[in-house]
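Please walk me through this structure. Take it step by step, and keep to what the coordinates show.

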Amino acid sequence: MGILSSLIFIPLAGMVIVMLIPKENKWAIRWTATIFSGIPMIQSFWLTWDYFFNYSGSSAMAYVEGPFNWIPSLNIQYFLGVDGISVPMLFLTGLLSCLSIVASFGIDKRVKEYFAFFLLLETGMMGVFVSLDFFLFYVFWEIMLVPMYFLIGVWGGPRKEYAAIKFFLYTLFGSIFMLVAILVLYFTSEPHTLNMLTLIETSPALSHTLQMVCFIFLFIAFAIKVPVWPFHTWLPDAHTEAPTAVSVILAGVLLKMGTYAMLRISWPMFPDALRTLSFWIAVLGVIAIIYGALVSMAQKDLKKLVAYSSVSHMGYCMLALAAFSSAQAIAGCMFQMISHGLITGALFLLVGVLYDRAHTREIALFGGIGSKLPIYTGIMVFFSMAALGLPGMSGFVSEFMIFVGAFGALNKVLVGISVLGVVLGAAYMLRMVQNVFLGPFNEEKWGGLTDINLRELVTVVPLMVLTLLIGMYPKPLTSLMSATLENLITLMAR
Amino acid sequence: MTEHAYLIPLLPLFAFVMVVFFLRWKEPLAAGFSIAMILCTWVMSIWVLIETLARHGEPYEFFFYITSFASLNFEIGILVDPLTAMMLIVVTTVGSCVQIYSLGYMKGDPKFSRFFAYLSLFCFSMLGLVLANNFFMIFIFWELVGLTSYLLIGFWSEKKVAADAGKKAFITTRIGDLGFIVGLLLVAAYCGTFNYGEVFDKIGAGVMPLGVLTMAAIFLFCGAVGKSAQFPLHVWLPDAMEGPTPVSALIHAATMVAAGVYLVARFMNVFIGSADASMVVAVIGIITSVLAASIALVQNDIKRVLAYSTVSQLGYMIMALGLYGYDTAQGHHSAGYVAGTLHLMTHAFFKGLLFLGAGSVIHAVHTNDIQEMGGLFRKMKATSITFMIASLSIAGIFPLSGFWSKDEIVVATSHHPIFMVLTLTVAFMTAFYMWRLCFLTFFGEPRDAERYEHAHESPKSMTGPLIVLGVLSVVAGWVALPWLHHGFSSFVYHGEVHHAGPNYLLMLISTVVAVSGIVLAWLVYHKKAISADALAEKFRPIHTLLYNKYYFDELYDLILIRPILAFGRFWWSFDARVVDGMVNGTGRATILWSDLKEWFDVHIVDGAVNGCGWVVNQAASKLKYLQTGAVQFYALFMLLMIVAVALFKFEMTRVATTWPVLTAIFFSGVVLLGLLVRQTANKKKTADVLESDK
């Protein structure tokens with residue numbers, strides 16, 4: 001079994017083992033889950049390292065497994081491989097999954113099922129990022145919904161059922177469109193195939209109408225996942241109701257699957273349609289940036305604020321994707337995906353830390369807790385600064401690259417408007433920081449709060465380090481991706 | 001040394017890291033280390049200046065790292081030219097004085113070490129900004145300066161006003177940065193590089209059409225408007241006085257706000273390409289200057305007066321640079337560049353001194369309100385004398401440093417009469433409000449006896465820096481004596497060296513203006529020959545307007561902040577009601593649709609199925625009576641059927657006539673049957689009844 005298969009199947013094996021442990025033995029379950037998400041994490045680190053030194057020079061798929069026949073009568077294959085855009089995503093998935101599992105140690109309700117679902121979720125995420133067969137991709141894409149549904153629906157907040165069903169149905173609704181597009185692609189290819197690499201070669205030959213239909217259908221499916229405005233309303237609900245670690249995974253990995261899929265599948269497959277629609281995609285991106293920021297500003301719930309800021313931040317990704325002819329923009333999009341995963345993941349973890357202690361997330365109820373929780377506050381301010389794009393942190397690198405790239409490739413006024421997001425971002429982040437951490441302290445009410453503990457620090461510090469590292473020295477990441485991105489840009493320019 | 005100039009920003013950064021991670025718990029060590037580092041950078045800056053002088057101002061550029069990404073170069077490098085060398089001296093001198101001063105001022109503060117860490121971080125950012133050799137790098141440090149000022153203004157974050165002021169500063173300057181970013185994007189899009197030299201060459205070669213260049217220049221200037229607190233983004237600076245006083249001195253008087261002026265000076269090549277953009281710069285500068293000086297006339301908070309004074313002086317510098325750009329674009333010589341940069345330096349010293357002096361006063365009397373002070377000269381000799389030196393300097397009294405730089409600015413306006421009149425008006429107002437401050441604070445009778453009783457001179461660590469800055473406030477301007485042929489104007493200059501000789505007439509005019517301002521202040525506030533209250537009463541509307549700072553804060557609150565917040569809430573409810581409403585509506589519609597289908601299913605589809613069953617059931621329940629067991633009945637039935645079949649068989653062809661017959665027979669048969677059935681049923685019933693009777 002190759003390394004990519006093992007990334008998929010080790011968490012799955014972990015799930016089976018967790019299910020075999022008696023449910024009273026909570027510590028055994030927690031540690032088993034940690035180990036079985038720790039192994040893929042280390043593997044993904046190694047993979048990134050190895051890819052960087054041995055494969056990043058070319059755009060060819062690395063660590064290819066298959067294609068093995070899976071359903072021979074339909075020519076469906078088990079076909080895995082990674083390149084410069086999937087490796088960073090695997091890194092992010094491996095890291096965030098393990099950190100989230102550590103952050104879930106506080107879960108005390110139906111522990112066994114929780115961790116089993118979590119490991120299944122990891123299997124699905126890993127699968128999406130390594131599949132090169134469209135059908136296989138679809139299977140993993142759908143598999144993830146099930147554990148996610150239960151994780152939100154069982155362990156969530158007061159409106160968990162509503163949020164879980166909404167998330168599930170909304171994504172499923174999008175998947176139908178993907179399925180139709182898959183079928184169209186399957187039947188128009190000769191011989192019938194769902195091999196993505198082959199499809200990317202052949203599908204630009206399709207008629208313009210057919211390209212448009214497939215592109216739009218795939219766009220709907222992926223846009224719901226991103227989520228692109230106006231398909232975003234499942235996100236605040238799911239984020240707010242989900243338990244902390246699940247929010248982290250949602251923001252850190254799941255949203256990226258949408259943009260990843262665009263970049264991997266629909267963008268290079270249908271360059272004609274892309275050209276026709278790129279302006280409107282950019283408009284959607286700019287709307288998301290401004291709209292998400294404005295709505296964030298009006299939030300009263302800490303977690304919802306972070307959720308809406310995700311809408312805004314993913315808007316930058318869409319803007320970058322619309323500027324598909326610019327290497328800077330596309331690289332900026334990748335950077336934004338990673339940096340948003342790190343920063344927003346951390347923000348959700350931190351909000352969870354506060355919620356565990358205060359049992360509320362109402363911004364107005366806090367104030368001045370900075371003097372009581374100095375370390376926690378320091379970290380929170382750090383990530384707020386990262387989220388508002390302060391230089392030296394990863395968010396700045398991505399935003400700046402996106403602006404530069406999009407400015408050259410798209411309507412300048414449109415991009416100029418999107419820069420407003422920078423001010424609005426500062427406004428809602430600083431308002432939050434001020435209302436929660438600064439100002440007079442209510443000793444009576446919050447005197448009992450304790451500062452962040454070691455386990456929570458362990459989950460957050462790696463994200464801080466990476467945020468700084470990418471912000472200070474983005475070069476390794478750009479060189480890891482550059483060959484792949486160049487190839488992608490040539491494909492999209494066809 | 002110049003080749004190691006990168007160490008200049010790195011040492012304070014090192015101090016920051018050391019203090020935060022290792023020395024935090026040992027307060028004296030933390031402060032000592034931080035001060036040692038800034039003193040090192042001060043020595044190095046002097047060394048760099050000497051070397052730059054020895055090179056005759058030849059720029060020295062050094063690249064550490066260049067990475068090209070998709071045909072756009074990102075660099076890390078340093079550029080040391082006379083402007084940089086001058087700024088290094090300014091930042092490190094004021095920085096050192098402020099850090100030493102803070103030893104005394106911040107003594108006993110629970111966040112003492114952190115204060116020094118932030119100061120070091122600020123010095124790092126500011127020095128990096130000054131040394132940067134490209135647009136991208138200067139923007140990075142620019143933002144870091146914003147961050148540190150946020151941290152320092154809101155240092156006493158338990159105070160709501162302080163936290164508010166920090167937030168306001170950060171967001172307001174970010175509005176300016178918005179323009180800065182767009183300017184950068186234009187530069188990148190048209191020039192394909194961020195390096196100063198390359199960009200300026202390309203702009204010189206005309207890669208940007210004039211319209212774009214004008215826009216780029218104005219957008220870049222937006223950054224300066226934010227950081228240097230120019231109209232209309234000046235509102236954050238006076239509020240920033242909520243930070244500890246050394247911070248006000250360092251950031252909001254001497255260095256950070258100077259960054260905007262530095263930016264305009266540094267990007268001068270962009271501005272000289274566009275006379276329109278330069279005129280915008282100059283106009284914004286003079287508007288700011290007049291506006292702020294007029295507000296300063298009536299304020300009672302010692303730090304606020306100084307804050308508005310800073311805004312006003314920054315407007316001077318910006319105006320001078322703008323006029324330089326305009327005149328140069330028109331092909332004239334101008335003293336504006338030299339004037340702006342010289343005033344940047346001299347102002348840093350005397351304004352730093354004024355703030356530190358104000359801090360010393362506040363430290364002694366524990367109030368900011370000058371109406372509660374008075375007579376402090378007798379108690380605080382060193383503070384008073386240095387403060388008054390700085391006041392003379394800022395008022396422009398010969399031969400203090402402010403005189404020379406202000407004189408240059410007046411010279412720079414010589415082609416623009418309106419600007420000159422306004423400049424002199426501001427000079428008059430400056431002299432007046434500064435000496436109003438001096439008279440109210442240091443002279444006359446104490447207006448608050450209790451505060452006066454407890455007042456005392458500050459410790460040596462605080463007066464020491466005052467004296468150093470006092471000396472600099474006197475002598476710093478001498479580098480630009482108009483009789484010097486190799487003075488400041490042949491060191492820091494732009495384009496060609498242009499040395500104009502002394503203009504005695506202008507010197508005389510500006511001296512007269514300054515002295516009359518001081519005299520008026522003396523008459524009003526010391527001699528009391530004119531009653532200040534009566535004046536205020538006479539000009540009540542104007543006084544109210546000025547006292548309330550032209551209501552800018554209220555205006556912005558009304559036309560910007562509230563609408564934006566309301567806008568946010570509006571879009572939120574839009575999101576919940578309309579966007580999410582559509583999603584939920586789709587969900588509800590689906591449920592409704594399936595309810596409808598369920599009804600259809602239950603009543604129509606299943607109804608049909610059940611209906612069939614019902615019909616069969618009903619039919620069976622009636623027809624069962626045919627099974628009577630009476631043989632005659634069966635025989636009759638058979639007969640009828642035989643007849644029917646026979647008729648049907650043989651008369652097939654004659655359908656038209658046969659059917660009625662057939663039908664008649666059939667129905668008569670049925671009727672017959674019915675009768676029979678009834679009869680038998682009755683029989684059976686009676687039989688049943690009889691049976692049950694038994």
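B:Cys97 touches B:Gly352, B:Pro465, B:Val468 and B:Leu469, leaving aside residues up to four places away in sequence. This is a predicted model. B:Cys97 sits in helix α3 of chain B. Is B:Cys97 buried or exposed? A residue counts as buried if 20 or more other C-beta atoms lie within 10 Å of its own. B:Cys97 has 27 other C-beta atoms within 10 Å, so B:Cys97 is buried. B:Ser510 is 413 residues away from B:Cys97 along the chain, and 31 Å separate their C-alpha atoms.

Helix α3 (residues 82-105) of chain B packs with helix α15 (residues 336-365) of chain B. Their axes are 10 Å apart, and the angle is about 5 degrees. Angles under 35 degrees count as roughly parallel. The helices α3(B) and α15(B) are therefore roughly parallel to each other. Which residues of α3(B) and α15(B) make the contact? From α3(B) come B:Leu83, B:Met86, B:Val90, B:Val94, B:Cys97, B:Tyr101 and B:Tyr105. From α15(B) come B:Thr341, B:Met345, B:Ala348, B:Gly352, B:Leu356, B:Gly359 and B:His363. By class, the contact of α3(B) with α15(B) holds ten nonpolar residues, four polar and no charged.

Stay in chain B and move to helix α7 (residues 196-204). Here B:Tyr196, B:Val199 and B:Ile203 are buried. Around the axis they cover an arc of only 70 degrees, so they lie on the same side of α7(B). What do the buried residues of α7(B) pack against? Their partners are β2 (72-80), α5 (135-153), α6 (160-191), α8 (210-227) and α12 (268-271) of chain B. After α7(B) comes B:Gly206, with a positive phi near 85 degrees.

Now take chain B by domains. The domain assignment gives domain 1 (2-530) and domain 2 (556-623). Taken over C-alpha atoms, the centres of domain 1 of chain B and domain 2 of chain B are separated by 65 Å. B:Tyr551 is found in the loop between α23 (540-547) and α24 (552-623) of chain B. Phi of B:Tyr551 is positive, near 60 degrees, in a residue other than glycine. Most residues other than glycine have a negative phi. B:Tyr551 counts as exposed because it has 12 C-beta neighbours inside 10 Å.

Chain A has a positive phi of its own to inspect. A:Arg110 is not a glycine, yet its phi is positive, about 45 degrees. A:Arg110 lies in the loop between α3 (86-103) and α4 (111-130) of chain A. With 14 C-beta neighbours inside 10 Å, A:Arg110 counts as partly exposed.

Further along chain A, look at the loop between α9 (208-225) and α10. A:Pro227 is placed in this loop. A:Pro230 lies in the loop between α9 and α10 of chain A. Which peptide bond at A:Pro227 is cis? The bond that joins A:Val226 and A:Pro227 is cis, with omega about -10 degrees. The bond from A:Trp229 to A:Pro230 is cis, and its omega is near 5 degrees. Most peptide bonds are trans.

Next comes helix α10 (residues 234-241) of chain A, which holds A:Thr240. A:Thr240 counts as buried because it has 23 C-beta neighbours inside 10 Å. Leaving out residues up to four places away in sequence, A:Thr240 touches A:Gly157, A:Asp301, A:Lys303, A:Lys304 and A:Ala307. A:Arg361 is 121 residues away from A:Thr240 along the chain, and their C-alpha atoms are separated by 9.9 Å.

For an exposed residue in chain A, turn to A:Glu190. A:Glu190 is in the loop between α7 (160-188) and α8 (196-202) of chain A. With 7 C-beta neighbours inside 10 Å, A:Glu190 counts as exposed.

Finally, bring the two chains together.

Technical notes
Residues are numbered from 1 along each chain as its sequence is written. Chains are lettered from A and ligands numbered from 1 in the order in which they are written. This is a predicted model: local features need pLDDT of at least 70, side-chain atom pairs count only at pLDDT 80 or more; totals for chains, interfaces and linings use all residues. Domain bounds come from an automatic or database domain assignment. Axes are lines fitted to C-alpha atoms, for helices over the stretch in contact, and angles run from 0 to 180 degrees between N-to-C directions. Helices (H or I, at least four residues) and strands (E, at least two) are DSSP runs, numbered from the N terminus. Angles under 35 degrees count as roughly parallel, over 145 as roughly antiparallel, 65 to 115 as roughly perpendicular and the rest as oblique. Two residues are in contact if their C-beta atoms, placed from the backbone, lie within 7 Å. Ala, Val, Leu, Ile, Met, Phe, Trp, Tyr, Cys and Pro count as nonpolar, Asp, Glu, Lys and Arg as charged, and the others, Gly among them, as polar. The arc is that of the directions from the helix axis to the C-beta atoms.
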